Amino acid sequence: MNNIKPSSELQECNFVDYLLTDEEMITFVIHGYHIVETDFTSEFNQSIYDEIEQLDGNPGDGILDAVPKLYQVYQHPKVNGALASLLGHHYEMSGHRHCHVNPVGSRSQGWHQDGVNQRHYQIQTVLAMYYPQDVNSDMGPTVIVPGTHFRNAPTDQMATYTNFRHQLPLTVKAGTVAITHYDIWHAASRNKGDRTRYMLKFLFNRKNDPDQPWWNHDPVTAKREIHRLDSERAGACSQSDHYKERGLRRQMWLHLLGRKSSKREE
Ligand SMILES: O=C(O)CCC(=O)C(=O)O
Ligand SMILES: [Fe+2]
């Protein structure tokens, strides 16, 4: 665990045993997120928490240099396996990253998308959010709204919404990395607990358009699962929105398989 590798070696670790299955990929297409539970020790996660606590201010993009142990988080084979499946094996870590501090007594953040306000079918960028401490419902979890990576609303309008019936607080164990589509609606919630909650948000980008399935693809399994793209609901939504998202799901799936999709839906 103390062997820190430079970022140029990020792609070289062994992840082939941890590529996602067709079931997991279809779940991501429909719901827009995938949760990775790592096997880091509680001492390792706690040491990252402690190092962040001791920082003199928030270093912004400099968080990786300030806390180099984070390299190990984003080199974990399960994290790499999921990222490589979603973005292709030559994905890259973005230079933009941030340590999100949610202090005791904070107020909830407004719903927002980090991505662009545009409806589309591609997975160009994902968020990979690492939590160095357990996050229970009192500790200001990040809350996501599954399925909303295919939705679009002006941010100022989105921020006026309060609770959604199917919103999902990411109550997680220390060491969890939650990977979401860049466009998913999310917000930090109020920290009613007694310790600061940290979340390290890193962005990963696809470098090439998919030319083949990069996950653990099995055409027989895929064929069995594919109906879910049409029938499964990510949450309550109108029939009209469901029709739109169904089209986008199918386009996303074809795109991931490396088949050219005919048009970009806005
Ligand atoms: O802190 C969080 O849980 C989410 C923060 C966030 O999404 C943001 O500031 O963009
Ligand atoms: Fe955000």
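**Burial, helix packing and the ligand shell**

Ala222 counts as partly exposed because it has 18 C-beta neighbours inside 10 Å. In these terms a residue is buried if 20 or more other C-beta atoms lie within 10 Å of its own, exposed if 12 or fewer, and partly exposed in between, with C-beta atoms placed from the backbone. The structure is a predicted model, in which local features need pLDDT of at least 70 and side-chain atom pairs count only at pLDDT 80 or more, while totals for chains, interfaces and linings use all residues. Residues are numbered from 1 along each chain as its sequence is written, and chains are lettered from A and ligands numbered from 1 in the order in which they are written.

Ala222 has its place in helix α7. Helices (H or I, at least four residues) and strands (E, at least two) are DSSP runs, numbered from the N terminus. Not counting residues up to four places away in sequence, Ala222 touches Asp22 and His217; two residues are in contact if their C-beta atoms, placed from the backbone, lie within 7 Å. The C-alpha atoms of Ala222 and Ile26 are separated by 8.5 Å, although these residues are 196 residues apart along the chain.

Asp22 and Ile26 are both among the buried residues of α1, as are Met25, Phe28, Val29, Ile30 and His31. Helix α1 (residues 22-31) is mostly covered, with 7 of its 10 residues buried. The cover over these buried residues includes the strand β1 (33-37) and the helices α5 (77-87), α7 (219-225), α8 (228-231) and α9 (239-257). After α1 comes Gly32, which has a positive phi, near 85 degrees.

The packing of α1 with α9 was examined next. Two packed helices are described by the angle between their axes and the distance between the axes. For α1 and α9 the angle is about 140 degrees and the axes are 9 Å apart. Axes are lines fitted to C-alpha atoms, for helices over the stretch in contact, and angles run from 0 to 180 degrees between N-to-C directions. The angle makes α1 oblique to α9, since angles under 35 degrees count as roughly parallel, over 145 as roughly antiparallel, 65 to 115 as roughly perpendicular and the rest as oblique. Met25, Val29 and Ile30 of α1 meet Arg249, Met252, Trp253 and Leu256 of α9. By class, this contact has 6 nonpolar, no polar and 1 charged residues. Ala, Val, Leu, Ile, Met, Phe, Trp, Tyr, Cys and Pro count as nonpolar, Asp, Glu, Lys and Arg as charged, and the others, Gly among them, as polar.

Helix α5 is largely enclosed by the rest of the structure, because 9 of its 11 residues are buried. These are Val79, Asn80, Gly81, Ala82, Leu83, Ala84, Ser85, Leu86 and Leu87. They pack against α1, β1, α4 (70-74), β3, β6 (176-181) and β8 (197-205). Gly88 follows α5 and has a positive phi, near 85 degrees.

Two loop residues were also examined. Phe40 is found in the loop between β1 and α2 (42-53), and it counts as buried because it has 22 C-beta neighbours inside 10 Å. Phe40 touches Asn45 and Gly175, not counting residues up to four places away in sequence. Its C-alpha atom is separated by 9.5 Å from that of Gln72, 32 residues apart along the chain. Tyr121 is found in the loop between β2 (92-102) and β3 (125-130), and it counts as buried because of its 21 C-beta neighbours inside 10 Å.

Ligand 1 is surrounded by His100, Asn102, Gln109, Asp114, Thr142, His186, Ala188 and Met199; a residue is near a molecule if its C-beta atom, placed from the backbone, lies within 6 Å of it. The elements that give two or more residues to this shell are β2 and β7 (185-188). The shell divides into 2 nonpolar, 5 polar and 1 charged residues. Thr142, one of the shell residues, lies in strand β4 (residues 142-145). Thr142 is buried, because 25 other C-beta atoms lie within 10 Å. Not counting residues up to four places away in sequence, Thr142 touches Met129, Leu170, His186, Ala188 and Met199. Thr142 and Gln239 are 97 residues apart in sequence and 28 Å apart in space, C-alpha to C-alpha.
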